[in-house]
Every structure is written in C-alpha cells, then in structure tokens.
Amino acid sequence: MKDTKYLDILKAPVITEKSQLAKEQGKYTFKVDPKANKIEIKSAIEKIFNVKVKSIRTLNEKPKKRRVGRYTGLTNRSKKAIVTLEDGQTIDLG
C-alpha cells in the first residue's frame, strides 16, 4: 500500500537529449507531482529504485498558452526533479 504512494509522486522519467547527456554524470530527470517536496521525492526514488540519492534539484514548469480553434487555454502545470545519485549508483530506465 505504501508503494502506491511512492508511485503517485513519480510520474515519468524525462527522456530528452539533454537528460541523456546528464545521465552519464549520474543525474536523472523525472516528472513529479507538483505538490511533492524534495524529501518525499528522495524517499520515493530510494524506495522504488534501491539507490542512494546525493541531491535533488526541483523546478516548476509554468503552464503554456494553447489555442484550439477559437478557444484559448493553458496546459497543466508540472514539476521536474533532477536527481543526482551517489557515485557508482545507476537507474535502469530501459
């Protein structure tokens, strides 16, 4: 039952060219719940992937304006976490 709590915090890994280059340095990027804090994110990653987290940096992505026909609106807000692991630790996302 507690694992579902951790899975609610982590939404998905971010797979981009920039995140793949950072992965070589032991930094992994995840989309996370906008209400989650660094302590919750750290415990979720350590519990799910069985690794030791060195540090976490978070950033809030603001909603972007989108238009469909004559209707305008905003995309959903989101949050990303850049997780640095201890030396020798890796996460297999494939």
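This is a predicted model: local features need pLDDT of at least 70, side-chain atom pairs count only at pLDDT 80 or more; totals for chains, interfaces and linings use all residues.

Reader: How many helices and strands does the protein have?

Author: One begins by listing the elements and then reads their order. Here there are three helices and six strands. Along the sequence they are arranged as α-β-α-β-α-β-β-β-β.

Reader: What are the dimensions of the box that the C-alpha atoms fill?

Author: Taken along the principal axes, that box is roughly 50 × 35 × 20 Å. Of its 94 residues, 27% count as buried.

Reader: How should I read the contacts in the protein between residues at least 6 apart in sequence?

Author: One asks how far along the chain the partners lie from one another. In this protein, 59% of such contacts join residues at least 24 apart.

Reader: Which residues line the largest pocket?

Author: The largest pocket has a volume of about 180 Å³. Its lining consists of V14, T16, K18, S19, A22, Q25, K27, T29, R57, K80 and I82. Two or more of these residues come from each of helix 2 (17–23), strand 2 (27–32) and strand 6 (78–85). Helix 2 gives the largest share, three residues.

Reader: Is S19 buried or exposed?

Author: For a single residue, one looks at its place, its accessibility and its contacts. S19 belongs to helix 2. S19 counts as buried because its relative accessibility is 8%, and the cut-off for buried is under 20%. Not counting residues up to four places away in sequence, S19 touches V14, K27 and T29.

Reader: Where does A36 lie, and why does it count as buried?

Author: A36 is in the loop between strand 2 and helix 3 (38–49). A36 is buried because its relative accessible area is 3%. Leaving aside neighbours within four places in sequence, A36 is in contact with I9, I41 and K79.

Reader: How far is A36 from P63 in sequence and in space?

Author: The two separations should be read side by side. A36 and P63 are 27 residues apart in sequence, and their C-alpha atoms are 18 Å apart in space.

Note on methods. Residues are numbered from 1 along each chain as its sequence is written. Side-chain values use heavy atoms; hydrogens and water are left out. Helices (H or I, at least four residues) and strands (E, at least two) are DSSP runs, numbered from the N terminus. Buried means under 20% relative accessible area, exposed over 50%, partly exposed in between (1.4 Å probe, protein chains only). Contact means heavy atoms within 4.5 Å. On a 1 Å grid over the protein atoms alone, a cavity is a set of points where a 1.4 Å probe fits but cannot get out, and a pocket is an open set with protein on both sides within 12 Å along at least five of seven lines; lining residues have an atom within 4 Å of a point. Grid points are joined across faces, edges and corners, and a volume is the space filled by probe spheres set on the points.
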